[in-house]
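Hi,

Here is the structure for your files. My notes follow below it.

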Amino acid sequence: MEIRTLQYFLAIAREENISAAADFLHITQPTLSRQMKDLEDELGKQLFVRGKRRISLTEAGILLRKRAEEITSLVERTESEIMASEELLTGDIYIGCSESDGMRLIAKAIDKMALMYPHVKFHLYSGNADEMYHKIEDGILDFAIVIEPVELKKYDYLKLPYMNTWGILMSNHSILANNEIITPNDLRDKPLLCSNQTMVKNELAGWIGGNQRKLNIVGTYNLLYNASLLVEEGHFYALCLKDIINIEGKDLCFKPLSPQLEAGMLVIWKKYQPFARPAEVFLEILKKEFN
């Protein structure tokens, strides 16, 4: 399977039409059709559902599109790093970001490097820790900023001087809105939205005394903003970190947990990772800032 063939496949997936994809690629339609037929034969799977006006992807095609996007992205990035000038620091740094106000520390470090090396580009990916572990393993991310607890066997790390406070996001009209703190008993019968991260669920179980089933968890989320819209309607509560979203002017309030539950932040990267020069320089800046 050649990179060029994957690029042809992605063009068809994007255009949803053989003729349009051939025009975009500047090749003939029969040539493109033959390449895709050879690809399907090689994989032993049908990749396309060929309709009268548009082409859609089969289940196997959807999986291949995801992997092809990752592969071609890595190839382009590798070419860029190898061809980068030794005298002028250029290139790309890919950073995965957890939702936390502590990201301001990373933002300051990025701003500092951008002033020193204006030709370096930064690419931020927001998601939960589970997603970022996979992307670091696949080589898509150089670094990830994650919230404790973290399994560190596969990673080197740098601890940030910031602590996150866990609490409950709720409507100002909630019966708990006048509470200064939220205890496990306060939440027993409340419809609770919780992060879908495994480690977070384990932390929650420890906070309530060993069994998260004691709480009425009615749904999960991976990023807080959309969950906050549900909370603002007045029925739901969301377990989250303080100051992730700006609640000023909204019908929302945040109440910390009691007993207090806090979590530190780490910058992690894959052990024995052969960094490109821009990532090495950025790591040096992080260490000077936070060691």
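F143 is buried, at 1% relative accessibility (buried means under 20% relative accessible area, with a 1.4 Å probe and protein chains only). F282 is buried too, at 2%. So is F122.

Before the rest, the ground rules. This is a predicted model: local features need pLDDT of at least 70, side-chain atom pairs need 80 or more, and totals for chains, interfaces and linings use all residues. Residues are numbered from 1 along each chain as its sequence is written, and side-chain values use heavy atoms, without hydrogens or water.

Aromatic pairs: the count is six. Rings of Phe, Tyr and Trp (its six-membered ring) pair if their centres lie within 6.5 Å; planes under 30 degrees apart are stacked, over 60 edge-to-face, the rest tilted. F122 and F282 have ring centres 5.5 Å apart and planes at 70 degrees, so they are edge-to-face. F122 sits in strand 4 and F282 in helix 9, so this pair ties together parts 160 residues apart in sequence. (Helices are DSSP runs of H or I, at least four residues; strands are E, at least two; both are numbered from the N terminus.) F143 and F282 are also edge-to-face, at 5.7 Å and 65 degrees. F143 lies in strand 5, so that pair links parts 139 residues apart in sequence. One aromatic cluster holds F122, F143, W269, F275 and F282.

Charges over rings: R14 lies over the face of F24, 4.6 Å from the ring centre. The rule takes NZ of Lys or CZ of Arg within 6 Å of the ring centre and within 35 degrees of the ring normal.

Best wishes

Key
Buried means under 20% relative accessible area, exposed over 50%, partly exposed in between (1.4 Å probe, protein chains only).
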